[in-house]
Amino acid sequence: MSAARGRLRIYLGAAPGVGKTFAMLGEAHRRLARGTDVVVGFVETHGRPRTAALLDDLEVVPRKTMVYRGTTFTELDVEAVIARAPKLALIDELAHTNVPGSRNAKRWQDIEEILDAGIDVVSTVNIQHLESLNDVVHEITGVPQRETVPDEVVRRADQVEVVDMAPEALRRRMAHGNIYPPEKIDAALSNYFRVGNLTALRELALLWVAGKVDEQLDGYRAAHGISGTWEARERVVVALTGGPEGDTLVRRAARIAARTKGADLLAVHVTRSDGLRGADPANLSRQRTLVESLGGTYHQVVGDDVPHALVDFARGVNATQLVLGASRRGGPARLVSRGVGVTTTILSGAIDVHMVTHPEVSKGTRRSGSRAALTRTRRVAGWAMAVLILPLLTAALLPYRGELALPTEILLFLLTVVGVALVGGMRPAVTAAVAGFLLLNYFFTPPVGRFTISEPENLLALGVYVLVAVMVSAVVDVAARRTREAARAGAEAEVLSTLAGHVLRGEAALPSLLARLRETFGLTSVTLLERTAEPSPDDHTEPEAWRIVATSGGSPCTSPSGADTDVTIGEDLVLAVRGRLLDASDRRVLEAFAAEAAIALRQERLRAEAEQARPLAEADKMRTALLAAVSHDLRTPLASAKAAVESLRSTDITWSEEDRRELLATADESLVKLDRLVANLLDMSRLQAGVLGLTSEPTAVEEIIPRSIDDLGPIRDRVEGDIAPGLPEVDADPALLERILVNVMSNAVRYSPPEDPVLVTASRHSGYVEIRVIDRGPGIPPEDHDRVFMPFQRMGDRDNHTGVGLGLALSRGLAEAMGGTLVPEETPGGGLTMVITLPIAARPGALPVEEGAFTGDRAGDNANSHL
């Protein structure tokens, strides 16, 4: 008999260093104290003394040694663990990739074998290693995760426990050297272990585990047959009928959900099982967008019994509150049935039901105009058959009146009525049935020639004939109506699907959208009109009050009155079409096109406004930067040159030849700086005027940073560089980037203690390169981070004659003009870090680097090797 499968317990963390391995070893000691047979299959301490100390008193299964490409590695020995057959095995780093040639490619596959052998396993994994979140984590941190584990492996675990730690606490652990060696701390804190990254990863971990908890709760309730509501979390369900009142209901439900932190909002629409009778799709589409904009989700269920379908859905999602609209039915309809609201309230049980009044209550139920189920040709043919065939049949049967029994004659008349129903529908068939009854009564039922019936049996036969004829006619008419509705619904679905594809593919240009609408309905022209003046009673017919925004087809409409059909979009937009008059069902699709046309117009105008505003914004940034430079950077060289010249001209002091040379050198150096600064300011003035462009080109950061350090002059020795190898080129102006770095580094040196050098690092993050200038000075309070970039602001600097750079205001303006950013951050342990972010230069024809699954990184957290 095979052993039962072992149980898997996983400690899940948001990032390396939160204490997953520490918690796993602590659990092992607790199990060991209770007498459980525990062994260590594979535990990676990462050189952390407190973690390594917990391995004492635990039996360790020797690892398997493997050689790959001349390098020796150690891996989990699956055979040894299974042969040892403990009750519990500790196996770290679930997502680890084994050395090529191992028993399995991934460690989670090794663990599956051990579990199948009946051995319990405790393991660890970080949230960034889950397959479904791999791209999300890469986008957040800029660090690709080469080692992943399928989500299903973690979801199948018998227990998943989050090892949580606040980002600030984790960074303190890092700064104290409790996670990485000292040489990696600064780089880790500046890159992967930033507060924003850690906060986002922590949220991902908590949300993922919350989803698993929901699954476990649903599974428990299903396994135990629990259909009642458990108020573990507030969930508000709003029922939508597709009517105009849905907007009111959604907003009311959102307010109810907002009263409880963490509450869920769900909207549900119940459609008939035949899929033919439905709500207005334009209303549902708008209401779905509204629900999703409020943070809710939209659902659609099928059911002929609306109250039962609503309650079943609400119980299925463990809802606590259900929001319904007050009934629009009139008094007589309420006497016949209780209605959806009352019935749902009776069935709801523990779910609270809110009946919300709305303006549509007083308007009653709106019925769509009746449309014939059959074409006009078929209806005419049906009436012709009823008028012609019945007399002909009567004339044909009169010679055989004494030979045929009444039931036979009734069947022949019934056959005729069915034929009329098949061709012409309900009304001609019912008319034919009544006419047949009268003909049968007069010509074939005793006493003949009179509209009387002497035999009760004949009366019954004729009555059954009329009833069957009417029933058959009704069935045929309903079938024809359903067929036509199904065809129309299919056509509408196809059109709306085409429109959705048009939107998803980004084909939002108005001419393309209007051309599709014209082709769909076979129209002559489609025109989008916009009001040009204040609304007035007569402007519907005045072409002067409207202008054509976009058109497709032949002669466009110049006013809404000139259209065969028009749809109002807001107060100032109207979609006018020519070619034929569209019925109500076509208008629903037309309204969907109109709504998309309004969105396309809005997007076009927003893009145009953004394009117009961009040069103004750039000019404003440059103007601000220039003013800051004039105030801040002209003063120093002018003051130095003036002081030197005045000293040389003074007759009160006799200067030695060496003093004179020094004063002349000072004046010359100051005037050179002043000349260079004025030249740059003139160039930037031309740039602001639009006659001198930025020379943006692919620029190597590893070349610019050393040149910038050399430009610092005597203080260059107080700056150290640490540039990651293989950095891509950035899109920047080399000269301006060098000036930005000189200014930022000189400011950092000014405020940093003499014994602490300023560190300059550069690393890649997603599509950008970050240059970080790190000092250990007094720093700047977070509330003053923006003030430091304002003109004339020097935080803590009361000497207005210091500083030889362009100023932080100018530096930020230049960085943003090149498409980058300049922002301050707090340096862990004290100080200020200035972060310059620049976009990576596009390289035409560059091919992506293909990364192998095995990297040779023996630390389980691959993030460490990319910091």
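This is a short tour of a predicted model, with stops to select in the viewer. Residues are numbered from 1 along each chain as its sequence is written, and side-chain values use heavy atoms, with hydrogens and water left out. Local features need pLDDT of at least 70, side-chain atom pairs count only at pLDDT 80 or more, and totals for chains, interfaces and linings use all residues.

Select residues 380-398. An unreviewed UniProt entry lists a "transmembrane region" here, as well as at 410-439 and 459-480; such annotations may be inferred rather than shown by experiment. Residues 380-398 are 95% helix and 0% strand, with end C-alpha atoms 28 Å apart. Helices (H or I, at least four residues) and strands (E, at least two) are DSSP runs, numbered from the N terminus.

Next, select residues 410-439. This stretch is 97% helix and 0% strand, and its end C-alpha atoms are 10 Å apart.

Now select Arg9 and Glu161. Their side chains form a salt bridge at 2.6 Å, N to O (a side-chain nitrogen of Lys or Arg within 4 Å of a carboxyl oxygen of Asp or Glu). Arg9 sits in strand S1 and Glu161 in strand S8, 152 residues apart. Arg9 is buried at 13% relative accessible area, and Glu161 is partly exposed at 30% (buried is under 20%, exposed over 50%, partly exposed in between, with a 1.4 Å probe and protein chains only).

Last, select Arg707 and Glu738, a salt bridge of 3.5 Å, N to O. Arg707 is in helix H23 and Glu738 in helix H24, so the bridge ties together parts 31 residues apart in sequence. Arg707 is partly exposed at 38%, whereas Glu738 is buried at 15%.
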